[in-house]
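Biologist: Before I use this model, I want to go through its labels one by one. Please set each label against the value behind it.

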Amino acid sequence: MTAQVTRDAVLAAPKVLLHDHLDGGLRVATILELSDEIGWTPRLPTTDPVALQAWFTRGAESRDLLQYLATFEHTIAVMQTQAGIERVAYECVVDLAADGVVYAETRLAPEQHEQQGLGFDAVIEALAAGLRRGERDAAAAGRPIEVNAIVCAMRTEERSLEVVHDVDRIRATEPKVVAFDLAGAETGWPPSLHAEALAFARARHLNITIHASEPPDLELISDALSHGAHRIGHGVRLDRDTSRDPATGELVLGPLARYVLDHQVHLEMAPTCNTQIGAVPSVADHPIGPFLRAGFNVGVNTDNRLMSHVLPSSELWAVAEAFGLDWHEIGRLVRNAAESSFAPHEVRRRLIEQVIDPAYAALAS
Ligand SMILES: [Zn+2]
């Protein structure tokens with residue numbers, strides 16, 4: 001008999017997470033402790049853990065991306081030392097493993113962690129050390145997980161070429177660095193502003209994902225693809241290039257949506273976050289449900305676990321509940337992410353064949 005789709009069953013099922021910002025996933029207790037250590041506490045809006053969580057979530061729910069991004073001042077402030085970054089990376093891994101995640105890609109922008117003199121290599125060294133310590137402890141606790149890293153350049157800054165050169169250099173010795181991303185405010189900062197960095201990334205065969213969730217909507221997604229993005233961060237507004245056939249109710253695709261479907265470009269969607277910044281009115285109005293059923297390569301992500309107050313399991317459950325997904329459909333969301341991850345092909349195959357497919361086949365049978 002098919003297992004019922006419940007919140008607990010979704011929590012226990014293996015999951016894959018491709019879009020999660022390290023500086024958006026800190027534990028509230030960790031922010032308070034690290035703030036205390038570095039003298040940042042007087043700058044915090046409150047030292048009450050419950051009130052601090054509520055403050056971050058209010059920022060996320062402001063429906064204003066710039067106000068949302070402003071909350072990162074406090075998380076980034078406590079990630080200016082190798083010890084701080086290592087701890088946050090470690091906790092990210094064990095928290096995701098406890099939530100049933102078996103493979104994840106976390107991301108950060110090293111240029112935001114240099115306020116006290118850390119350089120690119122020191123940031124990556126601390127990040128990778130934290131990820132590996134987390135993997136060891138998670139495995140010892142019976143929750144094996146692998147977590148790789150995506151390195152972002154901030155699109156509002158002018159360091160993308162330097163960052164992508166560093167990414168290309170460091171991946172030779174640090175296999176945890178698997179891709180390059182453009183992050184931060186999007187409107188007014190299209191990927192084409194970073195054409196030189198993206199051309200270098202393509203020439204060096206780096207994996208590329210690019211955020212595209214804000215107006216001008218389709219232009220940003222199109223711009224990201226023409227600069228070589230293998231995956232799109234969010235892409236939520238691609239639904240503006242779709243309509244419904246009034247007679248059949250079927251999804252009718254414009255040229256961009258058709259391209260994304262036909263080429264199976266992965267969309268790293270984060271329904272709660274997309275709702276909070278005002279891209280869609282609610283999770284039920286999110287295109288992820290119709291896109292999944294039309295065969296798009298979509299996956300479910302958290303984006304910022306702290307600010308959006310979500311977990312991979314709560315996001316997957318929210319989508320399953322909003323669209324009445326069955327286990328085949330939930331399994332497809334997870335497999336889409338596994339197949340589109342930037343892990344080596346052999347790792348992806350092993351993950352799908354040995355972990356994901358058997359688990360979802362059992363749940364659906
Ligand atoms: Zn993001």
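**Labels and their values**

Biologist: Why is His309 called exposed?

Modeller: This is a predicted model, and each value is computed from it. His309 has a relative accessible area of 54%; the cut-off for exposed is over 50%, so His309 counts as exposed.

Biologist: What makes the backbone of His309 worth a remark?

Modeller: Its phi is positive, about 55 degrees, although His309 is not a glycine. Most residues other than glycine have a negative phi. His309 is placed in the loop between α14 (305–308) and α15 (312–323).

Biologist: Which way does the phi of His205 go, positive or negative?

Modeller: Positive, at about 60 degrees, and His205 is not a glycine either. This residue lies in the loop between α9 (195–203) and β5.

Biologist: Is His286 buried or exposed, and how do you know?

Modeller: Its relative accessible area is 1%. Buried means under 20%, so His286 is buried. The residue sits in the loop between α12 (271–276) and α13 (288–293). Leaving aside residues up to four places away in sequence, His286 touches Val236, Met269, Pro271, Asn274, Val280 and Phe323.

Biologist: What makes the pairing of the His286 and Asn274 side chains a polar contact?

Modeller: The distance is 2.7 Å, and the limit for such a pair of N or O atoms is 3.5 Å. The contact therefore qualifies.

Biologist: How many aromatic pairs are there?

Modeller: The count is 4. In one of them, the ring centres of Phe291 and Phe296 are 4.3 Å apart and the planes stand at 20 degrees. Centres must lie within 6.5 Å and stacked planes under 30 degrees apart, so this pair is stacked. Both Phe291 and Phe296 are buried.

Biologist: Why is the pair of Trp327 and Tyr360 called tilted?

Modeller: The centres are 6.1 Å apart, and the planes make an angle of 50 degrees. Trp327 belongs to helix α16 (residues 327–340) and Tyr360 to helix α17 (residues 345–364), so the pair ties together parts 33 residues apart in sequence. Trp327 and Tyr360 are both buried.

Biologist: How do you know that the charged end of Arg231 sits over the ring of Phe342?

Modeller: It is 3.8 Å from the ring centre, where the distance limit is 6 Å. Arg133 lies over the face of Tyr90, also at 3.8 Å from the ring centre.

Biologist: How does the reach of helix α7 (residues 120–140) stand against the expected value?

Modeller: With 21 residues, α7 reaches 31 Å from its first C-alpha to its last, close to the 30 Å expected at 1.5 Å a residue. Its buried residues include Phe120, Ile124, Leu127, Leu131 and Ala138. An α-helix has 3.6 residues a turn, so residues three or four places apart point the same way. Among the elements covering the buried residues of α7 are α6 (82–98), β2 (101–108), β3 (146–154), α8 (160–170) and β4 (177–183). Just after α7 comes Gly142, with a positive phi of about 80 degrees.

Biologist: What makes α6 mostly covered?

Modeller: Of its 17 residues, 13 are buried. The reach of α6 is 24 Å, close to the expected 24 Å. Gly100 follows α6 and has a positive phi near 90 degrees.

Biologist: How do you know that β3 and β4 pair?

Modeller: They share 6 bridges, in the parallel sense. Strands pair with at least two bridges, so β3 and β4 pass. Val151 has Phe180 in β4 as its bridge partner. In β4, 7 of the 7 residues are buried.

Biologist: How many bridges join β1 to β2?

Modeller: There are 5, and the strands run parallel. Asp20 has Thr106 in β2 as its bridge partner. Strand β1 (residues 15–21) has 7 of its 7 residues buried.

Biologist: What is the omega of the peptide bond that joins Pro215 and Pro216?

Modeller: About 0 degrees, and the bond is cis. Most peptide bonds are trans. Pro216 is in the loop between β5 (208–212) and α10 (218–226).

How values were computed: Residues are numbered from 1 along each chain as its sequence is written. This is a predicted model: local features need pLDDT of at least 70, side-chain atom pairs count only at pLDDT 80 or more; totals for chains, interfaces and linings use all residues. Side-chain values use heavy atoms; hydrogens and water are left out. Helices (H or I, at least four residues) and strands (E, at least two) are DSSP runs, numbered from the N terminus. The expected span of a helix is 1.5 Å times one less than its number of residues. Buried means under 20% relative accessible area, exposed over 50%, partly exposed in between (1.4 Å probe, protein chains only). Contact means heavy atoms within 4.5 Å. Rings of Phe, Tyr and Trp (its six-membered ring) pair if their centres lie within 6.5 Å; planes under 30 degrees apart count as stacked, over 60 as edge-to-face and the rest as tilted. A charge sits over a ring if NZ of Lys or CZ of Arg is within 6 Å of the ring centre and within 35 degrees of the ring normal. A polar contact is a pair of N or O atoms within 3.5 Å; within protein, one must be able to donate a hydrogen and the other to accept it, and residues adjacent in sequence count only if both atoms are side-chain atoms.
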